[in-house]
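Biologist: I would like to learn how to read helix packing, a ligand site and backbone geometry. Could we take them in turn?

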Amino acid sequence: MVQNPLRIVMLGPPGAGKGTQAVLLAKSRAIPHISTGEILREAIANDSPLGREVKAVLDAGNLVSDKLMIDLIRQRLSKGDSDAGFVLDGFPRTLAQAQALSSLLGEMGKPLTNIVELNVSDSVLLERIRLRGAKGSGRSDDNVEVAARRLKVYWEQTAPVSAYYEERKELSKVDGLGTIEEVQNRISAGLGGVVKSLKK
Ligand code: ADP
């Protein structure tokens with residue numbers, strides 16, 4: 001049975017587990033996981049011109065410019081592997097990015113099929129990030145001060161993205177508390193419903 005392509009955006013605050021869930025989802029559907037955070041960290045690790053440009057921004061917990069991110073995602077989505085669908089993780093992070101993504105995908109004739117938001121309270125988020133930093137994630141932006149900054153940036157700049165999709169009745173909210181497997185099952189259950197309704 002050929003499944004309809006899933007073109008998904010995963011939303012959620014830093015520490016919500018969206019990266020973990022995005023990877024699992026992409027694997028289970030055999031579609032690319034596109035993480036803008038990963039692309040940027042790779043660029044930094046390779047000391048590429050992009051990496052040199054953005055390192056200080058990431059380390060401070062701030063957002064890279066919309067123009068740069070939109071160019072980056074346009075290039076990434078033009079690779080053939082996303083014809084089968086994709087899971088976007090970390091993009092869009094601002095209203096301008098969400099609007100740019102809608103028009104880009106509109107031009108490509110590949111609109112989003114699902115927007116999933118993982119909900120976790122701020123206190124749980126800070127604790128998770130603290131643990132991740134203590135275990136040594138190797139990420140220079142995983143410490144409590146930068147985490148607090150990233151949460152603030154999330155509420156100011158990324159929360160409006162959820163509102164944008166919610167207004168269009170496209171947002172599926174999923175409780176992000178529980179084991180990785182529990183959350184994974186909730187996400188799949190939600191997608192099952194949407195995929196069926198799209199097939200009608
Ligand atoms: P998180 O742990 O919050 O999920 P990510 O790995 O997605 O973080 O991203 C790490 C950092 O990369 C962000 O704090 C931000 O500086 C930068 N970044 C990633 N995606 C974007 C984006 N779409 N727009 C602007 N900055 C971004």
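**Reading packed helices and a ligand shell**

Modeller: Let us begin with handedness: helix 2 and helix 3 cross in a left-handed way. Keep in mind that this is a predicted model.

Biologist: Which residues of helix 2 and helix 3 make the contact?

Modeller: Helix 2 contributes L40, R41, A43 and I44, while helix 3 contributes L50, G51, V54, K55 and L58. Sorted by class, this contact of helix 2 with helix 3 holds 6 nonpolar, 1 polar and 2 charged residues.

Biologist: What else describes such a pair?

Modeller: The angle between the axes and the distance between the axes describe two packed helices. For helix 2 and helix 3 (residues 49–59), the angle is about 115° and the axes are 8 Å apart.

Biologist: At what angle do helix 6 and helix 7 pack?

Modeller: Helix 6 (residues 122–135) packs on helix 7 (residues 144–167) at about 140°, and their axes are 10 Å apart. The crossing of helix 6 and helix 7 is right-handed. On the helix 6 side, the contact is made by D122, L125, L126, I129, R130 and R132. On the helix 7 side, V144, A147, A148, R150, L151 and W155 take part. By class, the contact of helix 6 with helix 7 has 8 nonpolar, no polar and 4 charged residues.

Biologist: Now the ligand. Which residues come nearest to the ligand?

Modeller: There are 19 residues around the ligand, and K18, T36, R41, N62 and R150 come nearest. The shell divides into 7 nonpolar, 5 polar and 7 charged residues.

Biologist: Which helix gives the most to the shell around the ligand?

Modeller: Helix 2 (residues 36–45) does, with 4 residues.

Biologist: How should I read the atom distances at the ligand?

Modeller: A side-chain N or O atom of R41 is 2.8 Å from an oxygen atom of the ligand. For N62, a polar backbone atom is 2.5 Å from a ligand oxygen atom. For G90, a backbone N or O atom is 2.8 Å from a nitrogen atom of the ligand. On its own the ligand has 550 Å² of accessible area, and the protein covers 96% of this.

Biologist: Last, the backbone. What should I look for?

Modeller: Look for exceptions: most peptide bonds are trans, and most residues other than glycine have a negative phi. The bond from F91 to P92 is cis, with omega near 0°. P92 sits in the loop between strand 3 (85–89) and helix 5 (95–108).

Biologist: Where is D47 found?

Modeller: D47 is in the loop between helix 2 and helix 3. Its phi is positive, near 55°, and D47 is not a glycine.

Technical notes. Residues numbered from 1 in each chain as written. Predicted model: local features only at pLDDT ≥ 70, side-chain atom pairs only at ≥ 80, totals over all residues. Heavy atoms only, no water. Near = heavy atom within 4 Å. Polar contact = N/O pair within 3.5 Å; in protein donor to acceptor, adjacent residues only side chain to side chain. Areas by Shrake-Rupley, 256 points an atom, 1.4 Å probe, with all protein chains shown as cover. Helix = DSSP H or I, 4+ residues; strand = E, 2+ residues; numbered from the N terminus. Nonpolar A, V, L, I, M, F, W, Y, C, P; charged D, E, K, R; others polar. Axes fitted to C-alpha atoms, helices over the stretch in contact; angles between N-to-C directions. Left-handed = near helix turned anticlockwise from the far one by under 90°. Contact = heavy atoms within 4.5 Å.
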